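Subject: Handover of a structure and the findings on it

Dear colleague,

Please find the structure below, followed by an account of what was found in it. I would be grateful if you could read the two side by side.

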Amino acid sequence: MNLLANFLAYVVFIPIVIGILCLFISEKLKILTKTLVFITTLIILAASAHIFIFKPMYWPPVQTPAFMADNLSALAGIGISFFAFLTALYSFGFIEKNNGRYFGYVLMALGSSLGAVFANNLIVLVAFWGFLAALLYLLVSIQGRQRAPESAKKALIMIGGTDALMIFAIGLIWKMTGTFAMDAIRINLNGVFPYAAFIFMAIASFAKAGAVPFHSWLPDVAEDGPASVTAYLPASLDKLLGIYLLARVSLNLFVMNSASNLALLSVGAITIIFAVGIALVQHDFKRLLGYHAVSQVGYMIIGIGTANPVGIAGGLFHMLNNAIYKSCLFLSAGAVEKRTHTSDLAKLGGLAKYMPITFVSFLIASLSISGIPPLNGFVSKWMIYQGIIELGNNKNPLWILWLVCAMFGSALTIASFMKLLHAVFLGRPSDASLKLKEAGISMTAPIIILASVCIIFGVFAFAVPLRLLIMPAIGREALTYIGIWSPGIATSLISVGIILGGLIYMALIPKRERLVGLFVGGEDPEALERVSGAEFYDTVKDVKILGSMYEKEARHAFDIYDISRKSLEVFTKFFQRLHNGVLPAYLVWCLLGMIAMFIILFLK
Amino acid sequence: MNFVPFFVILPLAAAFLIPLTGKKIKIAGEVASIAATLSLAVLSFLVAALTAAQKALICNIGKWIAPAGIPMIVDGFSIFFLVIINVIAFLVAIYSVDYVKRYTDTWKFFTLFLLMVAGMNGVVISGDIFNLYVCLEIAAIAGYSLVAFDVDAEALEASFKYAVMGAVGSSFMLLGIALLYSYASTLNMADMALSIAGKGASKILPFVSALFLAGFGLKAALVPFHAWLPDAHSKAPTPVSAMLSGLLIKVLGVYALSRIFFNIFGMTPQVSMILIGLAVISMVVASVLAFGQTDIKRLLAYSSISQIGYIALGLGVCTPLSIMGALFHLFNHSIFKSLLFLNAGAIEQSTGTRDLRKMPGIMAISPVTGYTNLIGTMSICGIPPLGGFWSKLIIIFACIQADRPILAFIAAAVSALTLGYYFKAATPILFGSKEYRGINNNIGKRIAITMALPMAALAVLSILSVLILLPDTGRSFLGDAVAVLVRGREWNSAISGAMR
């Protein structure tokens, strides 16, 4: 029997084994660690491409293989390997200490993510899935701020807690179907068990991807963790995995009905609006990006919730696009933080002059996330809108609500990225004496690559990503659209517009300029000289309802983690009061317990 | 030659020798206990190989045949415990060498330690219920005095509570045994099973059942009989805490309970219901309480109650799969809980505190302690691919298989709670806060190799423990133990026949 006939076994276990090896390489030999990591991630990327081309694949060669690469998992797999490679590259310049541990965990995370997406057995899936949560904990707390371990803990508890529910759901699925093999499961949603199983599986994927209300770990991790880790796990791998699982659950494992689709659509819509609303008023660069990472998940969930081919394709395409621009944004944030040692928006500003490459890449990625044509984020959002409109054609009365949510969310995204761009890259620097320079090549290269992919996937959306990656993943040749979007013509028109505008600007630019002091009429000049941008939208807090919402949010009133923690505290206090250390009281409990048992044994 | 009696003879002999030589030779206690526990561990593997072939080893002491004589029986269920007891005891004995340096009369410690081992081994191999009780008392009394070994106010209070409540439990048991003797007219457990089966229903059995459930439930620390445990397990010297939480509650509580209810009385729906009820209360209440703890060892103690709940749940659901889950969880729990207690001792030694609010972060100070603690924590929280994940998975699946989805859901939810309170503790333990570094003089003190080795060994064991689920090598070890319980009373008929 040819056990090692194909790559599936390799791509899962090689990174894990080499990752464990890396843990033991001494800090002095970090060049060896880095070489090893570079080669491994590159090989895995090549192998994933191979798997994508030659799918479907199965391993081991038995009746019910534990691993399977089909259209959907091969798509997620190639994404995972791509981001692992870029993260490794970026981290060579970014990570300063604990190289062995850091890169060891990165490789193990790569292996276990691939294990989770290629799993064809639910137990194998949950094993890799859970291990990845522990790796997230370790990676976030290894380097980062003082509070990083606390945020890492929150992430682990939320993700790990929902994993326990997922085990329960898998048990129910096993009871209903008698098998763990994912390709053999097809459950109709009727009755308590199927719904419970579906809900808990969905919750696990929501927590991983960071959908409301299981999102609250993500902004914390984004703020406190190292930017490379945030870009790697919460922004790309966890998204790919979460949405992969959601797609797998709702497309393959269960037969969806209108109720379950409605649930997905509402979760998606709430996620978009809620998270982007919170993002508007954030003061921390990375935390703001963290809320956007939550908000974007909503689009993917809506896409899958529409349950029509355009919507699903849009959702999956958005999953890929989001990972691309979101890691670009986080990696740029990391570069900024590396140079300025802060991510507080009030202290940043005017960096475009010093870090032009980072600025341009960040600009492209933020236009992309805001859904500006002709970038990739626009195309996938466009497809999702198409999916929603098709819902309307099928007499679904709520379609207009979903469409409004999705579009309004997009508008708010632009708004908050205007603020971010201004506060970080434009305006005046908070300290003009700073001599900053661009981050090193190993950090800028991944950022440039990601920004270019944003353009390529946008301009050549139909020719490259949709034809090569997305259509095969949903198993279709072509899609029918209601609206027509031709990126070629649009791009040329937009380019012409930009060039014309540039020419006009150049022609009308004043020949000479002079700097004069600010006339402030007796006000404090310091306060007026610099507009940092951090408070751009703080006035929304003046709206009564919104103001109290924001105030509650700041107290974590919508945080499911804090709510559960506080309600647990009540019970803990109660039980602790019972344990008063008085021996006779304890003996009375024993006696009462025994009497209860007597009663049960004699009466029954 | 029959090896079975040596499980009791060896530790007893060593415990006897230590006081004789202890005052003259300073390291007598250390040497004798390591030698004794090492040979016991080797012996247990040897006997495990023998039982796997023969299914049950029976040794009639002094060639007296039951019911006149006292048989010692090692079947699949006993050997499962013997291996756990003696391997853990050996590792804890090594760990103790450095730990007991803080005491003056170390030989007293090791004498009591070996007595406890002898008592536990005796419980497991005893073929008659009165001897089971006597050995149980030996182990328990050694436990009471070891808890008080620090001889400060808190330790004495804890020991007193433990002794009083333990004595109450023991008197329940003794009463139960006396009633049972009058009813079945034999003390031999195998004969007793046959005799009870022959007599049919009676009012005395439910009464005795309740007494035993309370008595052994108290030893196993199931809520509401648990109140002695948090004090005793947290105030005892750390190696003793590891023995108490890792072994004693399981041998004295779970082993005896399942031996009696599965093999002698036969499981009834009522007993199963009571076990499940106790299990659910223990799992939930203890893990809620664990959230409020700030002392590492106290948190571990509460978590022991909660995890014993999982084991009782598996036994109570009473299907082959659930029993396998319960025993596998017991196996895992004895490994990682002793590991976590040993870690707590090492942390205290390196940082000078057990207070979770004042942790300087052990990863930076002692990576061995840090990593082993991480592995232990991950395993008990059920993070794959460690042992605890698989045993909880099996228990949850077994509940679902037995058409008890509510229980499965509770088990899953408590698993999430466990993750919560363990990482609430592990985060300061591992990463801590720099401001507490350097306050205490002990900080940065390297832990001795004799402390590091047992922790590393236990960590490796908790990674590898999943291997006993593999077919061939492992499954016969776990499978034989499960088979004994699944066959119930029928198993004792076979033993009864083989004894003569």
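In chain A, the axes of helix α6 (residues 148-177) and helix α7 (residues 192-209) come within 8 Å and cross at roughly 150°. Axes here are lines fitted to C-alpha atoms, for helices over the stretch in contact, with angles running from 0 to 180 degrees between N-to-C directions. The crossing angle makes α6(A) roughly antiparallel to α7(A); angles over 145 degrees count as roughly antiparallel, under 35 as roughly parallel, 65 to 115 as roughly perpendicular and the rest as oblique. The crossing of α6(A) and α7(A) is left-handed, a term used if the near helix is turned anticlockwise from the far one by less than a right angle, and right-handed if clockwise. To this contact α6(A) brings residues including A:M158, A:I159, A:L165, A:F168 and A:M176, while among those from α7(A) are A:F193, A:F200, A:M201 and A:K208. Two residues are in contact if their C-beta atoms, placed from the backbone, lie within 7 Å. By class, the contact of α6(A) with α7(A) has 18 nonpolar residues, one polar and two charged. Ala, Val, Leu, Ile, Met, Phe, Trp, Tyr, Cys and Pro count as nonpolar, Asp, Glu, Lys and Arg as charged, and the others, Gly among them, as polar.

This is a predicted model, in which local features need pLDDT of at least 70 and side-chain atom pairs count only at pLDDT 80 or more, whereas totals for chains, interfaces and linings use all residues. Residues are numbered from 1 along each chain as its sequence is written, and chains are lettered from A and ligands numbered from 1 in the order in which they are written. Helices (H or I, at least four residues) and strands (E, at least two) are DSSP runs, numbered from the N terminus.

Helix α6 of chain A also takes part in the contact between the chains. This contact takes 40 residues from chain A and 46 residues from chain B. On the side of chain A, the elements that give two or more residues are α5 (122-142), α6, α21 (560-578) and α22 (583-603). The most comes from α6(A), with 15 residues. The residues on this side of chain A divide into 27 nonpolar, nine polar and four charged.

A:E569 is partly exposed, with 13 other C-beta atoms within 10 Å. A residue is buried if 20 or more other C-beta atoms lie within 10 Å of its own, exposed if 12 or fewer, and partly exposed in between, with C-beta atoms placed from the backbone.

The domain assignment of chain A gives domain 1 (1-164 + 213-230), domain 2 (256-502) and domain 3 (567-603); such bounds come from an automatic or database domain assignment. The C-alpha centres of domain 2 and domain 3 of chain A lie 56 Å apart.

Helix α12 (residues 309-340) and helix α13 (residues 356-369) of chain A pack at an angle of about 145°, with their axes 9 Å apart. Their crossing is left-handed, and the residues of the contact divide into eight nonpolar, five polar and no charged. In helix α14 (residues 376-393) of chain A lies A:Q386, which counts as buried with 23 C-beta neighbours inside 10 Å. The C-alpha atoms of A:Q386 and A:G311 are separated by 6.8 Å, although these residues are 75 apart along the chain.

In chain B, the axes of helix α3 (residues 76-99) and helix α18 (residues 449-464) come within 7 Å and cross at roughly 155°. These two helices are therefore roughly antiparallel to each other. The contact of α3(B) with α18(B) has ten nonpolar residues, one polar and one charged.

Finally, some backbone details deserve mention. A cis peptide bond, with omega about 0°, joins A:K55 and A:P56, and another joins B:P384 and B:P385. B:A221, which is not a glycine, has a positive phi of about 65° and is buried, with 29 C-beta neighbours inside 10 Å. Phi of B:D403 is also positive, near 60°, but B:D403 is exposed, with 11 other C-beta atoms within 10 Å.

Yours sincerely
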